[in-house]
Amino acid sequence: MISGQTRVAGVVGWPVRHSLSPLIHNHWLQAGGLDGVYVAFSPPQDGFSAFAAGLRGGAICGLNVTLPFKEQALALANGAADQVSDLARLAGAANLVLFHADGTVRVDNTDGEGLLFAFARQAPSLNLSAAPVVILGAGGAARGAAAALILAGVPRVHLVNRTLDKALSIASALGPKVQAFEPSQAEAAFEGAGAIINATSLGLGGGDGPKVPWQAVSPDAVFMDMVYKPLETEFLAQARLRGHGIVDGLDMLVGQARPSFEAFYGVPPPATVDVRGLALAQMTAT
Ligand code: NAP
């Protein structure tokens, strides 16, 4: 039931049609018996600032933000009283915007929390503080992950990217614990790593994942793929065949949604709903 007090939040992206976020949040709302709703918005690619300007003042309580608007979402916090979380600032992007009634905004980035949630769920014995972590890719997701891992106590992050300049620019923004490598130096980057994360778009939709120098990989290294369509990517399948622990990207999606839900509706998501199972069912059906 929509009432006179329904709290409205949503996700904005382009395209956004296939987002699993409405499914996840609306099931949590329903299970919690909360008076709220979560909808999807898809303004034109060049229309994000006009869209967001209309929401200032609290027309809705908040938004999750996905591609291609995450950097523009960070830039929304441009007033003296607006707030930017440390993670959003370090990540250079925001996936969560809260609109306050006084016209101010708070921007945050919960993708890193999602990543840590996925590791905690699927590789609970991995100690992320014990060894370097390799991140393949240097786009927005890689930068957010590097920032969150450094804040979580990872000793070093090794970024391996096709375009070295992008990795170098993240390393210079995040400090000396982040080092940039080009693919030809991958063996040095992988040596002694405790976890290896695919943050490239390779493997999306079922293609080949990024190349791995298997001879340099520690036997106990855990492999994580941010891509979750398919759930077991070629990258993860290769790692599993070699006996490595694996972590899929769907729990990262659920993990970033949890703090967003609490920020929108004021209570944590109910533990009684298997949103991962619901998301998997929707992915299989489409
Ligand atoms: P992005 O900014 O577009 O970055 C894409 C990255 O992939 C870049 O580093 C790019 O390298 C690399 N890449 C693309 N094609 C390549 C190729 N043929 N060979 C080598 N490298 C290639 O994208 P993003 O926002 O960072 O997202 C990356 C992935 O993470 C996407 O698949 C996204 O869906 C996923 N993701 C998942 C979650 C989740 O909750 N599970 C959250 C965020 C993102 P160059 O720099 O050389 O172009």
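This is a predicted model: local features need pLDDT of at least 70, side-chain atom pairs count only at pLDDT 80 or more; totals for chains, interfaces and linings use all residues.

Tutor: A search of the whole structure finds 9 aromatic pairs.

Student: Why is the pair of Phe41 and Phe51 called tilted?

Tutor: The ring centres of Phe41 and Phe51 are 5.4 Å apart, and the planes stand at 55°. Stacked needs under 30 degrees and edge-to-face over 60, so the remaining label is tilted. Phe41 lies in strand 2 and Phe51 in helix 2, so the pair ties together parts 10 residues apart in sequence.

Student: Why is Phe41 called partly exposed?

Tutor: Phe41 has a relative accessible area of 22%. Buried means under 20% and exposed over 50%, so a value in between is partly exposed. Phe51 has 18%, and is therefore buried.

Student: What makes the pair of Phe48 and Phe69 stacked?

Tutor: The planes of Phe48 and Phe69 are at 20°, so the pair is stacked. The cut-off is under 30 degrees. The ring centres of Phe48 and Phe69 are 5.0 Å apart. The pair links distant parts of the chain, with Phe48 in helix 2 and Phe69 in the loop between strand 3 and helix 3.

Student: How do you know whether Phe48 is buried or exposed?

Tutor: Phe48 has 0% relative accessibility, so Phe48 counts as buried. Phe69 is also at 0% and counts as buried.

Note on methods: Residues are numbered from 1 along each chain as its sequence is written. Side-chain values use heavy atoms; hydrogens and water are left out. Rings of Phe, Tyr and Trp (its six-membered ring) pair if their centres lie within 6.5 Å; planes under 30 degrees apart count as stacked, over 60 as edge-to-face and the rest as tilted. Helices (H or I, at least four residues) and strands (E, at least two) are DSSP runs, numbered from the N terminus. Buried means under 20% relative accessible area, exposed over 50%, partly exposed in between (1.4 Å probe, protein chains only).
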